[in-house]
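Student: Could we go through this structure together, slowly? I'd like to understand the charged pairs and then look at a few other spots.

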Amino acid sequence: MSASRTPAPTNRYLERLALETQDRDERRKLLVGDLDQHDMASLHATLGGHSEEYSDDSDPAASSVGRRLALAYAEPPLAPPEVLSTDASGITRLRTSLPIKRTPLAPEQWSTNPIVNTGRRLKNWANRGWSRRRKREYHSPAAWRWVATRRRWILLVLIFGQSIIAANQMRTVLPSQGQQWLEITILSLFVLLFAWVSAGFWTALMGFFQLLRGNDRYAIDSEVGDEPIHAEARTALLVPICNEDVARVFAGVRATLESLRSTGNDQHFDIFILSDTFDADIAIQESYAWLAMCRDLEAFGQVFYRRRQRRVKRKSGNLDDFCRRWGALYRYMLVLDADSVMSGKCLTRLVQMMEVHSKAGIIQTAPRASGRLNLYARMQQFATRVYGPLFTAGLHFWQLGESHYWGHNAIIRLAPFMRHCMLAPLPGKGSMSGEILSHDFVEAALMRSAGWGVWIAYRLEGSYEEMPPNLLDELNRDRRWCHGNLMNFRLFFSKGIHPVHRAVFLTGLMSYLSAPLWCLFLVLSTALLAVHTFGTPNYFPEPGMLFPVWPQWNPTLAVGLFGVTALLLFLPKFLSVLLVWINGSRQFGGPLKVLASMVLESLFSMLLAPVRMLFHTRFVLASVMGWEVQWRSPSRENSDTTWGDGIRNHWSQTLIGAVWAAGVYVLEPTFLWWLSPIVVSLMVSIPVSVLSSRVSLGRLSFQKRLFRIPEETQPPRVLRRMVKLLSQMNAGMAAPSFAQVVVDPVPNALATALGASRHSDAEPVRRRRDERVSRAVRMGPAAMSQLERLDFLDDPVMMSQLHYHVWNDSNAHQSWFGYGLPGRDSKHLPTFK
């Protein structure tokens, strides 16, 4: 570059740097001093405190990183000296995580062949080693295990006894008394589905009596007082995220940390934000939000941030990565979701439970849903808040220490988790093999098979989450869960799995397989109608019969059977309302409002049940056929469904409902009355989906005191704080874009300091860096893929070199400055004190 042209970029650079400089005297020196008389390399050398002749041809801008940050963040400094330091090459480095204390971890390969596993069990039994191994794993038998065993036998008797009675009743309803192959198939499906409904009914019923009684000697918190936490009982709060709403994530983390500090026990906890984000702009927002939180709350050394460069196994891979790097430093880890919020009292209580119950491996809380404004989400929040406690208490009643783990808002004992719960991929090829998608059920099964208890703290308050805002977002989530649960069922026959967790795998399968079974049941029932409408009756099905067999329809018995099924489905809801009345319904809107809400929610659930049935049927088929799964993060906003989205997603259900209704009407008009709840729900699926997503209708229902929950009527302090922080962060979050961190002097210095990769200066590495930097300079930001942008964010050398060449190279693409310096807005870290 000629001498006549060098002042222009240096002047412009100093003007931009001065805009970010805090101290007025320093700003004046930048604008009127003699620094603008040098070329870009000398300018950076002078800013870095070197002589004017100093020049590092490979990375001239690296020397000024620390000075640029010091000018922009003079008082208070950007970070403490132990956090903001230099690496071995002298490049300024901002440490975002702890020094690594690595632990080697290796998952055990799965054995899913039932024949091979049976042979091994028989061999062990013959060698008399099986009983000794079981005794060593499960240690001394606890009293709750005998109680749990008796309760589960009672549950099986209730379910199968009730299903057998219902099957006999169903047989008498069928025209040929269940003697034809079509009727036998229908009867078999009915028994399976009725048993599924019966299991839910008895679970809710036992939960009702458990909550009504109030005294549960086997609850995990029954023997826990307010004991002080031992200094060695360190707990890591893990927040795995991937392309999430940054403001929502950090508002929840900040509110949780502030609540934890109010208890005085925060010194026992550290927080790790574990990112798998692959969008460069969101990654920049995450780092800015982390820095802002650490500066506001003086949380350096307590809150850490790590973004993985090698993203494998999704959320479980993030947990594995933490365990390998830092798991040895902590006794417990507590996993949160991106939308989780937990009170400090709840977190403290979980650690106290773990300390008292030395054989507890996982303690799962029962998160309460709140925070949504859409009508659909408010109805779901109401359902989970009113009906959910019955089912959660019922699960605890039947399972006790062999319970569920839902992957978040739960505390885990790290040592056994690291030893036993690392997940190997499922063997084989196809859609049902590879990385385990729904890791939580599997980790709970592995923890229990190693002899550690898995409990639900169903009475513990202070654990919160958010629901999907509308039906389409919920179905998008169910698509992933469906595939994961179908994969997990491959482990049903795996060796070492406790029978209760085999049942958990079965219930996970039935949660989605029940949809195609219901669909098949309805289709076959329609086919049976067609057969008896168009077919010729056979009055003598057996040769040599003297008396005919007359087809018999029993509408009275059919009505009775339908009523019993409806009772099993809706009695738990009424019992939930009854429990609310007993405990006080004011925070639910009052006794009449909570009853009206229950009735409206039940009618709405009936409208959506056929729609979910068809969607879940499609999900099961897609998973079995190996169609691609889109793992997108769920919406964290109160978003409405547009009419276009509603039509695109529900037109097929509308068409199926109309064709089905027309066909049944042609066959037998009176049968259409029985089928009307199904076909009408399908035909109105578009308006129901769209209108239920409306925030305006949700606000109107709130004003009418419908679907109220205590978290809305009288929000807990931690939720109020989260909402306030979210509002502030949405208004004040001003993180730069990728182009801005390349061009703008201060954001670039910050991005360079945050770069985690520290590659050696070998010739092949240097040559590869030069090629990538040259290409980026010439092509501009629009030509760079997300992965290329992330590579620059990860590598401080490439980021610093790109910054220098964009300013110094006359051939640099003009869009760098068009996108990188759009105006004179400051990109300082925001504060939300």
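Student: How many salt bridges does a search of the whole structure find?

Tutor: The search finds 33 salt bridges, where a salt bridge is a side-chain nitrogen of Lys or Arg within 4 Å of a carboxyl oxygen of Asp or Glu. Please keep in mind that this is a predicted model, in which local features need pLDDT of at least 70 and side-chain atom pairs count only at pLDDT 80 or more, while totals for chains, interfaces and linings use all residues. Residues are numbered from 1 along each chain as its sequence is written, and side-chain values use heavy atoms, with hydrogens and water left out.

Student: Okay, what does E108 pair with?

Tutor: The side chain of E108 forms a salt bridge with that of K495, at 3.8 Å from N to O. E108 sits in the loop between β2 (92-94) and α5 (114-126), and K495 in the loop between α17 (471-488) and α18 (499-534), so the pair ties together parts that are 387 residues apart in sequence. The helices (H or I, at least four residues) and strands (E, at least two) are DSSP runs, numbered from the N terminus.

Student: And is E108 buried or exposed?

Tutor: E108 counts as exposed at 57% relative accessibility, whereas K495 is partly exposed at 39%. Here buried means under 20% relative accessible area, exposed means over 50%, and partly exposed is in between, using a 1.4 Å probe and protein chains only.

Student: Which residue does R372 form a salt bridge with?

Tutor: R372 forms a salt bridge with E466, and their closest N and O atoms are 3.7 Å apart. This pair links distant parts of the chain, 94 residues apart, with R372 in the loop between β9 and α13 (375-386) and E466 in the loop between β12 and α17. R372 is buried, with a relative accessible area of 2%, and E466 is buried as well, at 11%.

Student: What about networks, which residues are linked in one?

Tutor: R368, R385, E461 and E711 are linked in a network of salt bridges.

Student: Changing topic, where does E402 lie?

Tutor: E402 is in the loop between α14 (388-399) and β10 (410-413), and it is buried, with a relative accessible area of 3%. Its side chain makes a polar contact of 3.0 Å with the side chain of H498; a polar contact is a pair of N or O atoms within 3.5 Å, where within protein one must be able to donate a hydrogen and the other to accept it, and residues adjacent in sequence count only if both atoms are side-chain atoms.

Student: How does β6 pair with β10?

Tutor: Strand β6 (residues 332-335) pairs with β10 in the antiparallel sense over four bridges, and M333 stands opposite I412. Strand β8 (residues 360-365) also runs antiparallel to β10, joined by three bridges, with Q364 opposite A410. Two strands pair if DSSP finds at least two bridges between them.

Student: Last one, where is T235 found?

Tutor: T235 is found in strand β3 (residues 235-241), and it is buried, with a relative accessible area of 0%. Leaving aside neighbours within four places in sequence, T235 is in contact (heavy atoms within 4.5 Å) with residues including H268, F269 and D270.
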